[in-house]
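Reader: I have not seen this structure before. Could you take me through it, one topic at a time?

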Amino acid sequence: MATFSVNDTVRRTIATGNGSNSSYSFSFQVNNTSDVKVYVDGTIKTEGAGSSNYVIQDGSGGAGLNASGAGTVVFGTAPDADSIITILSDVPL
């Protein structure tokens with residue numbers, strides 16, 4: 001029987017808004033942009049165009065994930081100062 005090491009991986013990123021920064025990176029791997037859930041002060045946000053929504057970009061500013069499956073959440077409007085931004089992995093089983 002084979003034995004494997006299992007590494008614990010944090011699958012969320014938490015940041016604090018400052019009123020001007022609209023980009024927040026995450027380093028955990030997902031397979032699709034739909035596998036990411038974004039909350040600001042506990043309210044879920046919607047992926048898509050628009051000032052109250054967000055998009056996910058790769059490292060070069062293009063739409064989607066980078067080669068490692070990570071990316072950057074870019075809000076249409078920067079979250080308010082002192083707001084809590086939570087980016088979670090929500091990969092289906």
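**Strands, core and contacts**

Author: We may begin with S89, which lies in strand β7. Please note that the model is a predicted one.

Reader: Is S89 buried or exposed?

Author: S89 counts as buried because its relative accessible area is 18%, and the cut-off for buried is under 20%.

Reader: Which side chain makes a polar contact with S89?

Author: That of R11: the two side chains are joined by a polar contact of 2.8 Å.

Reader: And what else is S89 in contact with?

Author: Setting aside neighbours within four places in sequence, S89 is in contact with F28, V30 and D35, as well as with R11.

Reader: Now the sheet. In what order do the four strands come?

Author: The order is β1-β7-β3-β4, in an open sheet with antiparallel pairing. Its edge strands are β1, residues 12-16, and β4, residues 43-44, each of which pairs on one side only.

Reader: How many bridges link β3 and β7?

Author: Five bridges, and the two strands pair in the antiparallel sense.

Reader: Which residue in β7 does K37 stand opposite?

Author: K37 stands opposite L88.

Reader: A change of topic: how many residues are in the largest nonpolar core?

Author: It has 14 residues, and those with the most contacts inside it are F26, V36, V38, V73, F75 and I87. The elements giving two or more residues to this core are β2 (23-26), β3 (36-40), β5 (54-57), β6 (71-75) and β7 (84-89).

Reader: Which of them gives the most?

Author: β3 does, with three residues.

Reader: How far apart are T13 and S60?

Author: Their C-alpha atoms are 20 Å apart in space, and the two residues are 47 residues apart in sequence.

Reader: Lastly, what about the segment before β1?

Author: T9 is found there.

Notes:
Residues numbered from 1 in each chain as written. Predicted model: local features only at pLDDT ≥ 70, side-chain atom pairs only at ≥ 80, totals over all residues. Heavy atoms only, no water. Core = buried A, V, L, I, M, F, W, Y, C linked by side-chain atoms within 4.5 Å. Buried < 20%, exposed > 50% of the residue type's maximum accessible area, 1.4 Å probe, protein only. Pairing = 2+ DSSP bridges. Polar contact = N/O pair within 3.5 Å; in protein donor to acceptor, adjacent residues only side chain to side chain. Contact = heavy atoms within 4.5 Å.
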